[in-house]
Amino acid sequence: MTKTLNPTVEQELSMDRAASKPAAPDVDEPNEAQASAAALLDLTPQQAGTQTLLRGLAILEAAAGGARDLRSIGAALGTTRSTTHRLVSSLVQARYLRQVGGGYLLGPKLIELGTIALEQMPLTAVARPHLEVLAEHTHDTIHLGVRDGDDVLYIDKIPGTRGLEMRSRVGHRMPLASTGIGKAMMLDLPPQTWSKLLEASHRVLAKVSFKPDYQPDFDTFVQRMTRYAQGGFTFDLEENEASIRCVAAPVRDASGAIVAALSVASTIPYMPPERMEELIPVVQREARAISQELGWRVPQPATRRIKR
């Protein structure tokens, strides 16, 4: 028989955190990447070679932000058409830009360098200092995981200092939909997929000797996931291991896709509803910091032009 949380606990742990989405920017307003291009040039006078280098980087920033022709690129840099053309032509020749239908897009050389950069910056190495910050701050067990099919694969773990032991270990797999860290990697998925992953989780848990204390039904699970998606966090409310609760948050890459998640986990005495609420921004802060090192940028609300 499906168990549900005590209504009081459920009310405390699943408060609605609707996060308003930023409005779409006006087309004539410079976006963040184009603003970054201008910022590169907002420096004290430089030597000629340094100035050329900064202008080249600013062009790449402008192209990444949507500048497609010489006029828009020149406007972002504040350079003449002839200077802009000379710099852009050099970047095309070096494959940092490519010319398409009279306009310019980022070139294949940047893909090559980006791939190398990712290889030189593996996720566990980037995340480890942030996991250690969480461990020191909370004294609880810290996990880092990635998705592997319908499971979460744990790729790093820092045991807590409270003398507690959990079944999780590096290299261990658990169902996505029954773990906080797994659910954090499901936040961008549609509700239909949430239900399918919960069904897969139920099949796995039905075969194990231990049974979690709580297994929500489909409607309850989708309602919780909707709130989690709005708030950018997830809870594990003893859904995977008896007496274990956790707070988790997603890690995103440069494209904005969720590529991993991290969590803080402990037993009920150390995870009352009030503390779980307090841990949400703490866990999110470190997840965002890892994401930014992977190239993700915090979405900025667009400033809209006032029509006169």
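So, where is the place of Glu238? Glu238 lies in the loop between β6 (234–237) and β7 (244–252). Keep in mind that this is a predicted model. I started with that residue for its backbone: phi of Glu238 is near 60 degrees, a positive value, and the residue isn't a glycine. In general, most residues other than glycine have a negative phi. Glu238 is also buried, with a relative accessible area of 2%.

There's another one to look at, Arg95. Its phi is positive too, about 75 degrees, and again we're not talking about a glycine. You'll find Arg95 in the loop between α5 (81–93) and β1 (97–100). Arg95 is partly exposed, at a relative accessible area of 36%.

OK, on to the packing. The largest nonpolar core has 48 residues, and the ones with the most contacts inside it are Met186, Phe235, Leu262 and Ile290. Helix α11 (residues 273–293) gives the most to this core: seven residues. A second, separate core has 15 residues, including Leu60 and Val88.

Let's zoom in on Met186. Skipping its neighbours within four places in sequence, Met186 touches Leu176, Ala177, Trp194, Leu197, Phe221 and Met225.

Last up, a helix pair. The axes of α9 (residues 191–205) and α10 (residues 218–231) come within 10 Å and cross at roughly 125 degrees, so α9 is oblique to α10. The crossing is right-handed. On the α9 side, the contact uses Pro191, Trp194, Ser195, Leu198 and Glu199, while α10 brings Phe218, Phe221, Val222, Met225, Thr226 and Ala229. By class, that's eight nonpolar, two polar and one charged residues.

Conventions
Residues are numbered from 1 along each chain as its sequence is written. This is a predicted model: local features need pLDDT of at least 70, side-chain atom pairs count only at pLDDT 80 or more; totals for chains, interfaces and linings use all residues. Side-chain values use heavy atoms; hydrogens and water are left out. Axes are lines fitted to C-alpha atoms, for helices over the stretch in contact, and angles run from 0 to 180 degrees between N-to-C directions. Helices (H or I, at least four residues) and strands (E, at least two) are DSSP runs, numbered from the N terminus. Angles under 35 degrees count as roughly parallel, over 145 as roughly antiparallel, 65 to 115 as roughly perpendicular and the rest as oblique. A crossing is left-handed if the near helix is turned anticlockwise from the far one by less than a right angle, and right-handed if clockwise. Contact means heavy atoms within 4.5 Å. Ala, Val, Leu, Ile, Met, Phe, Trp, Tyr, Cys and Pro count as nonpolar, Asp, Glu, Lys and Arg as charged, and the others, Gly among them, as polar. A nonpolar core is a set of buried Ala, Val, Leu, Ile, Met, Phe, Trp, Tyr and Cys residues joined through side-chain atoms within 4.5 Å. Buried means under 20% relative accessible area, exposed over 50%, partly exposed in between (1.4 Å probe, protein chains only).
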